Each structure stands twice: as structure tokens, then as C-alpha cells.
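Q: Let's go through this model together, beginning with the ligand site. Can you take me through it with the terms spelled out?

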Amino acid sequence: MISSKEIRQQFIDFFLNRGHIFVPSSPVIPEDDPTLLFANAGMNQFKSIFLGQKEITYKRVVNSQKCIRAGGKHNDLEEVGKDGYHHTFFEMLGNWSFGDYYKKEAISWAWELLTEVWKIPKDKLYATVYKTDTEAFEIWKQETDIDPTHISYFDDKDNFWEMGETGPCGPCSEIHIDRGSSHCTRQNEPGHICKINGGCSRFIELWNLVFIQYNREADKTLSPLKNKFVDTGAGFERLAQVLQDKNSNYETDLFMPLINKIEELSGVAYTQETGMPHRVIADHIRCLCFALADGGFPSNEGRGYVLRRILRRAARYGRLLGFAEPFLHLLVPLVIEQMAHHFSELNGKEDYIKMVIKAEEERFNKTLDTGLEKFREITQKLKGEVISGSDAFILYDTYGFPPDLTAILAEEKGLKIDYEGFEKEMQLQRKRARKASKFTLFVNNEDWIEFSPVTPTEFVGYKENTVQTYIQR
Ligand code: ATP
Ligand code: MG
Ligand code: MG
Ligand code: MG
């Protein structure tokens with residue numbers, strides 16, 4: 001079986017052999033872009049090149065970008081563990097043309113790598129193009145031997161790629177794979193037909209080829225860029241699933257060692273049916289390791305609050321496997337062992353990451369059990385299907401349950417939470433805090449659903465056995 005290490009390397013080599021140079025991933029915590037919560041695509045670090053603000057020094061680049069999609073415009077947190085191919089943290093493999101080659105090479109090379117090098121059966125692959133992009137449609141038809149009936153047009157939602165509310169963007173062409181009817185997750189829905197971008201898990205997207213030619217301005221209009229660019233993103237873990245012939249990304253050699261370790265520590269065996277906790281924990285620990293290694297830190301606002309929520313979710317899923325003591329830090333060495341050969345920034349950070357994760361989990365554990373008890377109490381008394389905003393707020397304020405964690409607990413019981421009511425309680429609390437003292441440190445939790453830019457924080461070092469110290473700029 002081909003290993004994930006080999007898959008990453010073969011991708012890189014394929015493009016090195018076609019005149020590209022390798023550029024390392026940028027950190028998951030964006031260094032100089034306050035409009036971005038986390039790096040969410042390969043193109044983030046090249047934004048200023050697209051915008052003509054930075055000189056083009058290399059015309060062809062290949063890379064593997066560390067991405068986190070757990071908030072902001074691209075938020076996959078709710079899918080994690082439910083499906084087998086959306087992660088909070090994943091690697092996006094990409095090849096890039098900065099004012100050099102365009103659609104023809106991008107499409108032909110992607111096809112060659114998938115079908116000639118990796119021998120993915122051609123009849124399982126499908127291509128999509130943007131509704132007005134007849135050029136890309138024709139290239140697929142003329143330059144590759146894809147089944148022409150497997151090329152189709154899609155509109156803005158799926159085939160116009162944007163990084164965020166503003167920034168470089170353009171039409172794209174995606175490659176999807178048909179994993180077979182047994183992967184359909186909506187078989188029981190009358191009238192459901194499996195199709196690309198159709199909401200079931202039979203077809204999954206492997207690779208997105210973006211043809212960047214516009215900038216989305218703050219007033220939402222599109223302005224043309226000086227040069228044209230190719231920006232591609234292939235899901236590394238998904239490629240591993242396909243090339244290792246597995247049913248989900250979690251069964252690949254990227255996740256299985258973690259899942260085995262979770263089994264060993266908990267004594268609970270992993271199965272596809274009952275393995276949601278294993279999957280969530282394996283996903284979240286990778287995300288936390290990379291975020292902490294790149295300077296992220298759990299806190300009560302912005303990026304830090306997303307990390308805190310991720311950790312608390314993982315801790316709570318740990319409870320379902322019977323972990324009563326902090327355990328997440330025990331998985332850290334495995335993540336580092338597996339990933340540090342490619343991401344050397346992990347080297348030397350094991351003790352630090354373990355320490356932060358353990359301290360965070362310990363802190364949350366203090367209120368987790370009583371919080372779960374409180375949740376039971378609330379649901380026992382509940383009339384109807386909706387947990388009130390004020391109850392969700394009590395769980396948040398007294399027991400440290402982020403509302404999305406309460407929502408998970410609720411969903412497991414077929415209940416919902418009243419987010420609007422929760423938001424109202426938050427506003428009230430803010431007012432109370434403001435009244436209480438002009439000088440109180442005021443923590444803004446508005447960011448729990450969507451990200452709004454926060455004041456950049458600067459790492460100024462940490463003392464032994466204490467948490468990191470940040471200063472607000
Ligand atoms: P999907 O439709 O499956 O959510 P996407 O269209 O949002 O994917 P893109 O923004 O086009 O994804 O990103 C490029 C590639 O990165 C995708 O083709 C996919 O292979 C991979 N990818 C995207 N999101 C995730 C994720 N959350 N976890 C793992 N891989 C992902
Ligand atoms: Mg998506
Ligand atoms: Mg998509
Ligand atoms: Mg896509």
C-alpha cells in the first residue's frame with residue numbers, strides 16, 4: 001500500500017519535474033492578515049502576489065498548505081466525524097502559476113497525475129466547470145480522455161472560489177470521484193439521486209483548480225487582476241483515502257495510528273458505526289498541535305476561542321469513551337512523530353504543546369462533569385425541543401460549555417438550542433460588565449460563530465509551567 005508520505009512526495013515531485021519550486025506551508029495562524037481566522041487554503045500566503053503588491057519571484061510553485069476550517073467563511077467543524085472527509089485541520093496540496101501557464105496545463109497535469117501516475121480509474125472521475133467557462137469545458141474535452149458525459153457546469157456556489165469576504169477569486173474546475181452507491185448517506189430519502197455536490201457522501205471532491213483573475217472588493221464588486229493565475233488545491237487526506245483504497249480518511253495511515261492509540265488508552269474499539277468520538281478526537285488533536293505550534297493559544301476570543309472550543313469538544317467526546325482524567329496530551333507525541341518529518345516547526349515543541357493542552361483540559365474537566373449533570377437536569381425538565389437561550393447561557397457562563405458544544409449534546413437527544421436567545425443573554429452580560437466597572441478587562445465572545453477581526457496578539461514568551469503571555473498591540 002502506498003503510504004501518505006509517498007503520496008505527498010509524489011505530488012511534489014510531479015510538479016518539481018514540470019518546472020515548479022517547492023515553497024513551505026505558511027503557518028496556520030496567519031502572520032499578517034487580520035481578516036483571516038486561520039489559513040484556510042493554499043492561496044492565503046500568495047495573496048499579495050495575486051494583488052500585485054508583491055513581486056513575482058517564482059512563476060511556478062508547488063506546496064502543501066496546512067489549513068484549518070473551523071470558523072469564518074470556510075467552517076467544516078460541524079461535519080467532522082460525521083462524514084469521513086471533512087477535517088478541521090488538513091493539508092491542501094497545490095500547484096501554482098503566477099502569470100505563467102493557465103487552464104490547459106493545469107487541467108492536463110491534474111488529469112495525468114490522477115490517472116497516469118496514480119492510476120485512479122478514469123470512469124470514476126468527474127469534472128465540473130463554472131457555468132460560463134466554456135474554455136475549461138473544451139479543454140477537458142479536447143486535452144484529456146475523460147468521458148465527456150462526466151463534465152458538467154455548476155454555478156457560483158460550487159465553482160466560483162473565494163477565500164473570504166474580500167480578496168483574489170475566480171472560476172474553478174473541480175475533480176470529483178464516485179466512490180460507489182454504498183457510500184450514499186441518504187439512501188433512505190425518497191427521491192434522492194446521488195450526484196456531484198448533491199449532499200450525499202457518494203461523490204467527493206478531490207481537487208479544485210482555481211483560475212484566479214479577479215479581486216473581490218469590500219463593496220462586493222469584482223475587479224480584474226493584472227495577471228492571471230492558477231491556484232489548485234487537492235485534499236491530501238482524501239487522496240490518501242482513494243489511493244489506499246479506504247472507506248474514509250480516518251482509515252488511512254494518517255489517522256489510524258491515532259485511532260489505535262485512542263482505542264488502547266480507552267479500551268473502546270473503533271468501528272465505523274460507533275467511532276464518532278475516536279474520529280473527532282483524532283481530528284481535533286491534529287488541529288490543536290498545529291495551531292499551538294504556530295503560535296495559537298486557547299483563550300476567550302477570536303482564534304483562541306475557536307481552539308478552546310475544539311479542545312472542549314474533544315474532551316467531551318473523551319468522556320463518552322470513559323476518560324475521566326486529561327488524556328488529549330497523550331496523543332501529542334504521535335502527531336509529532338508522524339508529521340514533523342514534513343513540518344519541522346513541530347520539532348522541539350512537544351513538551352510545550354502537551355503542557356498547554358493538559359492545562360486546558362484540566363481546567364475544563366473541573367466543570368465538565370457538573371456541567372453535564374446540569375445539562376441532564378435542563379433536558380429532564382424541558383418541555384418541547386428547544387433548549388432556551390438562558391439555559392445555554394448558564395452552561396456557557398458557569399460551566400464553560402461553548403454553545404456549539406451544548407448543541408452537540410442537544411443534537412444527540414434530538415433537541416436544538418435557541419441561539420438567538422443565547423446571543424441576547426450574552427449582550428446582557430456585556431452590558432452588566434460594562435456597568436460594573438469601566439476598568440474591568442472586557443472579554444468579547446461575539447466571535448463564537450463567525451470571526452470578526454481581533455487585535456493582533458504578539459507572542460512574548462512563556463515561563464516554565466505557566467501559560468504563554470501575550471501582549472495586545
Ligand atoms: P467540499 O465541497 O468537499 O467541502 P470545498 O469545495 O470546500 O470542498 P476547496 O475550498 O475547493 O474545498 O478546497 C480544495 C480541496 O481541499 C478540496 O477539493 C478538498 O479535496 C480539500 N478540502 C476542502 N475542505 C476540506 C476539509 N474540511 N477537510 C479535508 N479536505 C478538505
Ligand atoms: Mg467545503
Ligand atoms: Mg466543493
Ligand atoms: Mg471546491
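A: The shell around ligand 1 holds seven nonpolar, five polar and five charged residues, where Ala, Val, Leu, Ile, Met, Phe, Trp, Tyr, Cys and Pro count as nonpolar, Asp, Glu, Lys and Arg as charged, and the others, Gly among them, as polar. This is a predicted model, in which local features need pLDDT of at least 70 and side-chain atom pairs count only at pLDDT 80 or more, while totals for chains, interfaces and linings use all residues. Residues are numbered from 1 along each chain as its sequence is written, and chains are lettered from A and ligands numbered from 1 in the order in which they are written.

Q: Which residues are the closest to ligand 1?
A: Of the 17 residues that surround ligand 1, the closest are Asp76, Phe90, Asn208, Gly233 and Gly235; a residue counts as near if its C-beta atom, placed from the backbone, lies within 6 Å of the molecule.

Q: And which element gives the most to that shell?
A: That is E10, with four residues; helices (H or I, at least four residues) and strands (E, at least two) are DSSP runs, numbered from the N terminus.

Q: Changing topic, what is the phi of Lys220?
A: Phi of Lys220 is near 80°, a positive value in a residue other than glycine, and Lys220 sits in the loop between E10 and E11.

Q: Is Lys220 buried or exposed, and why?
A: Lys220 counts as exposed because it has 8 C-beta neighbours inside 10 Å; with C-beta atoms placed from the backbone, 12 or fewer others within 10 Å make a residue exposed, 20 or more make it buried, and anything in between is partly exposed.

Q: What about Asp245, where is that one?
A: Asp245 lies in the loop between H6 and helix H7 (256-266), has a positive phi near 55°, and is exposed, with 10 other C-beta atoms within 10 Å.

Q: Now the helices: how do H10 and H11 pack?
A: Helix H10 (residues 332-339) and helix H11 (residues 350-381) pack at an angle of about 145° with their axes 10 Å apart, the axes being lines fitted to C-alpha atoms over the stretch in contact, and angles running from 0 to 180 degrees between N-to-C directions.

Q: Which residues meet there?
A: Val332, Pro333 and Ile336 in H10 meet Glu350, Ile353, Lys354 and Ile357 in H11, contact meaning that the C-beta atoms, placed from the backbone, lie within 7 Å. By class, this contact has five nonpolar, no polar and two charged residues.

Key. Two residues are in contact if their C-beta atoms, placed from the backbone, lie within 7 Å.
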